[in-house]
Amino acid sequence: QTTTTLKASWSKVTGATGYKVELLNSSGKVVKSSTTTKLTYTFSKLSAGTTYKVRVTAYKTISGAKKYSLVSTTLSTATKPATPTLKVTSTKKGIANFTWTNVAGENGYQVYYSANKTSGFKSAASYKTNVAKGSKSKLTSKKTYYFKVRSFKKVGSTTIYGDWSKGVSVKIK
């Protein structure tokens, strides 16, 4: 999935001519629907960080009419949340302060940092929904660190991560 698309896939149902694929909002209302003979379908033009359910029902064409199965499969999922924009400053010895844009539909954020621009990133902290600032202490003064942030959304026991922000460097006071 991306911030604006969801790709559904399912197993073949023996004897089925095709499949009806429906996208439902959090209220259970069908917002998009299509039929296909393939085992995948991609919904597009969706909102970032939004929870959806995908329902797939097999059908068989008999005498020119589609006869739908009484059994369908429904899966809860979500689009990726948008990518926040990160700003980092250091105004006190050994401390980096960071803020980011609060994006819609997230359940929280992860901030990672490294002394290397392209590798070695480790967690600075995780933040709850709608929190858009934090800090990391015990950093080496006069050293440059790189920070990045991403949002995430939880759907049941699954966590869907947004893309990482661009890395931002800061020289620690």
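**Salt bridge notes**

I began with arginine 55, which is partly exposed at a relative accessible area of 25%, where buried means under 20%, exposed over 50% and partly exposed in between, using a 1.4 Å probe and protein chains only. I note that this is a predicted model, in which local features need pLDDT of at least 70 and side-chain atom pairs count only at pLDDT 80 or more, while totals for chains, interfaces and linings use all residues. Residues are numbered from 1 along each chain as its sequence is written, and side-chain values use heavy atoms, with hydrogens and water left out.

I then looked up the partner of arginine 55 and found a salt bridge with glutamate 22, the closest N and O atoms being 2.7 Å apart; the term requires a side-chain nitrogen of Lys or Arg within 4 Å of a carboxyl oxygen of Asp or Glu. This pair links distant parts of the chain, since arginine 55 is in strand S5 (residues 51-62) and glutamate 22 in strand S2 (residues 18-24), 33 residues apart; strands are DSSP runs of E, at least two residues, numbered from the N terminus.

Glutamate 22 is buried, at 8% relative accessible area, and its side chain also meets that of lysine 20 in a salt bridge, 3.6 Å from N to O. I recorded lysine 20 as partly exposed, at 24%, and Lys20, Glu22 and Arg55 as linked in a network of salt bridges.

Elsewhere I found lysine 80 and aspartate 163 in a salt bridge, 2.8 Å from N to O. Aspartate 163 is partly exposed, at 40%. By this rule I count 3 salt bridges.

Technical notes: Helices (H or I, at least four residues) and strands (E, at least two) are DSSP runs, numbered from the N terminus.
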